[in-house]
Amino acid sequence: MVSLYCNLCRGYDLEIFRVDNISYTYKDGKKALDSVALRVRAGESLTVIGANGSGKSTLLYILDGILQPQSGEIKAFGAPLNDESVEFRQKVSLLFQNPQVQLFSLSVWDELCFGPSQLGLPQEEIERRASDILELLGIGHLKDRGPWNLSGGEMKKVAMGTCLSINPDVILLDEPTTGLDPRSQVELIDLIVGLRKAGKTIITATHDLGIIQDISDRTVVFGEDHRIILEDTPWEVLKNTDILLRANLMHKHPHRHSWYVHEHSHTGLHEHEHIPELIPSESSPERAPEAAQRIPEMEKLRILLDHWMEHNHEHAETYIQWAEKAGTAGDATLAEMLKEIAAETKKIDALFERARKKIGG
Ligand SMILES: Nc1ncnc2c1ncn2[C@@H]1O[C@H](COP(=O)(O)OP(=O)(O)O)[C@@H](O)[C@H]1O
Ligand SMILES: [Mg+2]
């Protein structure tokens with residue numbers, strides 16, 4: 001197997017990135033980053049969250065050396081970032097948000113051999129690495145396929161494979177779970193957790209609040225003004241509803257179904273509150289339970305399915321939070337059980353969707 005052990009962080013506190021007050025504006029005048037400062041130490045796993053357009057991808061491009069900030073300073077491994085140095089290219093790898101950007105070879109196999117061949121490794125070692133990656137990501141069946149006719153999720157896995165094929169110490173992941181089915185998402189999270197344990201430094205940009213506790217030690221929140229508005233543990237960030245609302249990462253609104261009303265915030269946290277005693281809606285001024293009796297069964301099921309789907313994700317997050325509490329209290333077995341429940345819960349999203357499609361409406 002490819003050794004996923006990190007070459008850099010053998011127990012000492014090396015700073016991988018030191019970003020000081022960088023700003024970046026695209027040529028057409030679109031601002032992407034404003035006075036961003038950040039430190040990343042070896043072996044850390046950091047998540048960067050923020051609404052669409054807040055600057056997450058731009059930050060990763062800058063950390064990968066693809067873009068240079070117009071102002072501010074960025075150091076990598078203790079020296080000004082030099083993306084042309086062979087050493088930097090061997091140590092840092094970026095998974096692009098859009099995997100199509102990353103894939104260009106005639107087959108998945110060639111794609112996975114490309115990075116190691118650029119490192120000048122012997123042919124035998126190149127092929128061993130490519131085989132290991134196929135196995136690690138469960139994509140052996142795609143070996144001879146052309147990357148251009150894979151599904152979005154398959155492409156994402158292959159792109160992840162190309163990132164890992166050079167065995168980088170620092171991995172930059174841009175929206176790694178986007179486009180993956182629920183099971184692949186869980187597998188990818190497990191992979192990131194494995195890379196973390198192997199001591200890799202990982203920076204993940206995501207707007208999926210549901211994964212940040214699983215995969216990171218620290219979370220940086222971008223505001224829509226392209227500045228960092230909070231940096232804390234994932235748990236503290238998830239609890240900070242004011243900041244999440246400000247960053248446009250959650251929204252608060254009341255739902256008005258036919259026979260009950262509930263109001264809640266949509267985030268990874270389970271904090272909605274049902275009000276079953278029923279505020280009659282304008283369209284049905286009768287007492288709600290009577291109105292409910294007149295709703296055809298299928299219609300009730302449709303409403304319920306919508307509701308279950310909506311909250312399944314939040315429930316999974318609650319289980320993860322309680323798993324963390326159980327872990328902190330020293331009950332590792334219970335923590336593992338709750339994590340497993342969370343993983344299983346996420347998997348049934350697809351089943352809900354199928355049932356919902358079957359009913360239609
Ligand atoms: N190639 C580009 N040219 C012009 N503007 C861009 C380009 N890429 C991103 N932007 C703009 O920069 C801002 C930040 O984008 P981005 O870093 O992609 O944010 P995020 O990854 O958080 O969605 C947005 O306003 C976006 O429209
Ligand atoms: Mg992005």
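## The open sheet

Two strands pair if DSSP finds at least two bridges between them. Helices (H or I, at least four residues) and strands (E, at least two) are DSSP runs, numbered from the N terminus. With that in hand, take a look at Ile22, which stands opposite Val36 in strand 2. Strand 1 (residues 15–25) and strand 2 run antiparallel and are joined by seven bridges.

This is a predicted model, in which local features need pLDDT of at least 70 and side-chain atom pairs count only at pLDDT 80 or more, while totals for chains, interfaces and linings use all residues. Residues are numbered from 1 along each chain as its sequence is written, chains are lettered from A and ligands numbered from 1 in the order in which they are written, and side-chain values use heavy atoms, with hydrogens and water left out.

Back to the sheet: four strands make up an open sheet in the order 2-1-4-5, with antiparallel pairing. Strand 2 (31–41) and strand 5 (79–80) each have a single partner strand, so one side of each is left without a neighbour in the sheet.

Helix 1 (residues 56–63) is mostly covered, with seven of its eight residues buried. Here buried means under 20% relative accessible area, exposed over 50%, and partly exposed in between (1.4 Å probe, protein chains only). The buried residues are Lys56, Ser57, Thr58, Leu59, Leu60, Ile62 and Leu63. After the helix comes Gly65, whose phi is positive, near 80°.

Helix 1 also gives the most to the shell around ligand 1, with three residues. Strand 2 and helix 1 each supply at least two residues of that shell. Of the 13 residues around ligand 1, Gly53, Gly55, Lys56, Ser57 and Thr58 come nearest; a residue is near a molecule or strand if one of its heavy atoms lies within 4 Å of it.

An N or O atom in the side chain of Thr58 is 2.5 Å from one, while backbone N or O atoms lie at 2.9 Å for Ser57 and 3.2 Å for Ser54. Taken alone, ligand 1 exposes 560 Å², and the protein buries 68% of that.

## Salt bridges

The whole structure holds 14 salt bridges, each being a side-chain nitrogen of Lys or Arg within 4 Å of a carboxyl oxygen of Asp or Glu. One of them joins Glu44 to Arg218, with the closest N and O atoms 2.7 Å apart. This pair links distant parts of the chain, 174 residues apart: Glu44 is in the loop between strand 2 and strand 3 (45–50), and Arg218 is in strand 9 (residues 218–222). Glu44 is buried at 8% relative accessible area, and Arg218 also counts as buried, at 14%.

Asp64 and Arg89 meet in another salt bridge (2.8 Å, N to O). Asp64 lies in the loop between helix 1 and strand 4 (71–76) and Arg89 in helix 2 (residues 86–91), so the pair ties together parts that are 25 residues apart in sequence. Asp64 is buried, at 7%, whereas Arg89 is partly exposed, at 32%. Arg89 forms a salt bridge with Asp83 as well, the closest N and O atoms being 3.9 Å apart. Asp83 is partly exposed, at 23%.

Definitions and conventions: A polar contact is a pair of N or O atoms within 3.5 Å; within protein, one must be able to donate a hydrogen and the other to accept it, and residues adjacent in sequence count only if both atoms are side-chain atoms. Accessible areas come from the Shrake-Rupley method with a 1.4 Å probe; for residues, only the protein chains shown count as cover.
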